[in-house]
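Please read the points below beside the sequence and the model. They begin with the terms and conventions and then go through the structure part by part.

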Amino acid sequence: QVQLVESGGGLVQPGGSLRLSCAASGSIFSISAMAWYLQAPGNQRELVARIISGGSTNYADSVKGRLTISRDNAKNTVYLQLNSLKPEDTAVYSCNVYLRGYGQAYGNYWGQGTQVTVSS
């Protein structure tokens with residue numbers, strides 16, 4: 001069994017910062033890509049940032065320069081640093097991990113989502 005546990009969401013004022021974490025645990029053999037998605041009210045879920053095992057990253061144009069994705073392979077954890085937050089960043093942020101469990105093929109796993117609200 002594989003489990004993803006997210007933390008770090010909350011209420012922040014415009015211009016503020018948050019750091020989200022997503023830790024994968026369980027019977028994990030190998031992790032390939034790790035990513036963060038957001039879903040704003042009434043909208044579809046969209047990719048925010050992705051980081052692959054070698055460390056290469058890609059970001060949605062709307063967040064470039066404000067958000068930074070990183071990972072700690074020893075801890076099977078992916079982070080999302082959110083800076084200069086705007087009210088339009090308000091959304092549920094979910095992590096996605098493409099990994100292989102022992103004796104299993106690669107598959108996508110999702111965290112439960114964490115709410116980020118940017119408001120004064």
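1. A contact, or touch, in this note means heavy atoms within 4.5 Å. This is a predicted model, in which local features need pLDDT of at least 70 and side-chain atom pairs count only at pLDDT 80 or more, while totals for chains, interfaces and linings use all residues. Residues are numbered from 1 along each chain as its sequence is written, and side-chain values use heavy atoms, with hydrogens and water left out.

2. On secondary structure, the protein has 11 strands and 0 helices, where strands (E, at least two residues) and helices (H or I, at least four) are DSSP runs numbered from the N terminus. Read from the N terminus, the order of elements is therefore β-β-β-β-β-β-β-β-β-β-β.

3. On overall dimensions, the protein has a radius of gyration of 14 Å, which agrees with the value near 14 Å that a compact globule of 120 residues would have; the radius is taken over C-alpha atoms, and the globule rule is 2.2 Å times the number of residues to the power 0.38. The C-alpha trace spans about 50 × 25 × 25 Å along its principal axes.

4. On burial and surface, 42% of the 120 residues are buried, a word that stands for under 20% relative accessible area, with exposed meaning over 50% and partly exposed in between (1.4 Å probe, protein chains only). The protein exposes about 6,300 Å², of which carbon and sulfur atoms supply 45%; accessible areas come from the Shrake-Rupley method with a 1.4 Å probe, and for residues only the protein chains shown count as cover.

5. On contacts along the chain, 53% of those between residues at least 6 apart in sequence join residues that are at least 24 apart. As for charge, the mean positions of the 9 positive and 6 negative charges lie 8 Å apart, with Lys and Arg counted as positive, Asp and Glu as negative, and His and the chain ends not counted. The place of a charge is NZ of Lys, CZ of Arg, CG of Asp or CD of Glu.

6. Which cysteines form the disulfide? The structure holds 1 disulfide, formed by C22 and C95 with their sulfur atoms 2.0 Å apart, and a disulfide is here a pair of cysteine sulfur atoms within 2.5 Å. Because C22 lies in strand β3 (residues 18–26) and C95 in strand β9 (residues 91–101), the pair ties together parts that are 73 residues apart in sequence. Both C22 and C95 are buried, and the torsion about their S-S bond is about 45 degrees, so the disulfide is right-handed.

7. R66 sits in the loop between β6 (57–59) and β7 (67–72). Is R66 buried or exposed? With a relative accessible area of 11%, R66 is buried, and, not counting residues up to four places away in sequence, R66 touches Q81, L82, N83, S84, L85, K86 and D89.

8. S84, one of the residues that R66 touches, is in the loop between β8 and β9 and counts as partly exposed at 41% relative accessibility. Phi of S84 is near 50 degrees, a positive value in a residue other than glycine. N76, in the loop between β7 and β8 (77–82), also has a positive phi, near 50 degrees, and N76 is partly exposed with a relative accessible area of 25%.

9. V92 belongs to strand β9 and is partly exposed at 30% relative accessibility. Leaving aside neighbours within four places in sequence, V92 is in contact with Y37, L38, Q39, G113, T114 and Q115. The C-alpha atoms of V92 and T114 are separated by 5.4 Å, although the two residues are 22 residues apart along the chain.

10. Two further loop residues complete these points. S56, in the loop between β5 (46–51) and β6, is partly exposed with a relative accessible area of 47% and touches R50 and I51, not counting residues up to four places away in sequence. A105, in the loop between β9 and β10 (106–110), counts as exposed at 61% relative accessibility, and the C-alpha atoms of A105 and F29, 76 residues apart along the chain, are separated by 9.9 Å.
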